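Here is a short report on one protein chain. Look over the fold before reading on.

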Amino acid sequence: MARNGLVYEYMFIAIIVAVLAGFISSLAYYSYALNVNPACEAIKADQQALEDIMQKAQTTPVVEKAEGVYEVYIVGRQFVWIPSTIVLEDPKQVTFYVATSDVIHGFEIAGTNVNFMVIPGYIAKFTWYPPKNAEGEYLILCNEYCGVGHQFMKATLIIERSQQALSTSGNSAPEILEYIAGLLSSTTGLALIPPS
Ligand SMILES: [Cu+2]
């Protein structure tokens, strides 16, 4: 009887080890072979780099590199985003550099595919290609519980469209397909090839 019990014990240990090995190797496969990774790039940052980004967030948070190409510097802190308002005019490509001066925060622009984690000691870099019809006020929130004032942690993104951009803003079918493909690849890592 006792020996039989031991056999079952070993059987269960073997099954559990096999299941764990399966999970861990599928994680490794997705991460390394298929390159399915968190949406943003995390750049290791020392104290100086974090002070620099704080300085930029407080003085010049929005830098227009070229027409419609922006770099935006933001710092999260219990329980605010600095700056609290970001205005972009006719953005085509927006690269966010986001850091935290205390705990982990989640940077999300509601209604878009911008959603990534901001980890202490790193600068999160994420490039967003706003759809042409993105316009008006967007809520930026913290989606990672960071303390008692978490629910007050928000900011506003305002996208302004000039008259000229508006007149060409009608999304054609290929553009919508492109947008969906971009969304799919940025959230799942899968490449969608539209039928030709
Ligand atoms: Cu937070």
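Which residues does Val72 touch, not counting residues up to four places away in sequence? Val72 touches Pro61, Val62, Ile86, Val94 and Phe96. Contact here requires C-beta atoms, placed from the backbone, within 7 Å.

## Model and numbering

This is a predicted model; local features need pLDDT of at least 70, side-chain atom pairs count only at pLDDT 80 or more, and totals for chains, interfaces and linings use all residues. Residues are numbered from 1 along each chain as its sequence is written.

## Overall make-up

The protein chain has 4 helices and 11 strands. Both are DSSP runs numbered from the N terminus: helices are H or I, at least four residues, and strands are E, at least two.

Of the 196 residues, 19% are buried (20 or more other C-beta atoms within 10 Å of the residue's own). Among contacts with a separation of 6 or more, 63% join residues 24 or more positions apart.

## Nonpolar core

The largest nonpolar core holds 31 residues. Such a core is a set of buried Ala, Val, Leu, Ile, Met, Phe, Trp, Tyr and Cys residues joined through C-beta atoms within 7 Å. Ile53, Val72, Ile74, Phe96, Val98, Ala124 and Ile140 touch the most other members. Elements that each supply at least two core residues include α2 (47-59), β3 (69-77) and β6 (93-100).

## Open sheet

Five strands form an open sheet with mixed pairing, in the order β5-β11-β10-β7-β8. Its edge strands, β5 (85-89) and β8 (115-118), each pair on one side only. Pairing takes at least two DSSP bridges.

β5 and β11 (residues 154-160) pair in the parallel sense over 5 bridges. Leu88 has Ile159 as its bridge partner in β11.

Key
A residue is buried if 20 or more other C-beta atoms lie within 10 Å of its own, exposed if 12 or fewer, and partly exposed in between; C-beta atoms are placed from the backbone. Two residues are in contact if their C-beta atoms, placed from the backbone, lie within 7 Å.
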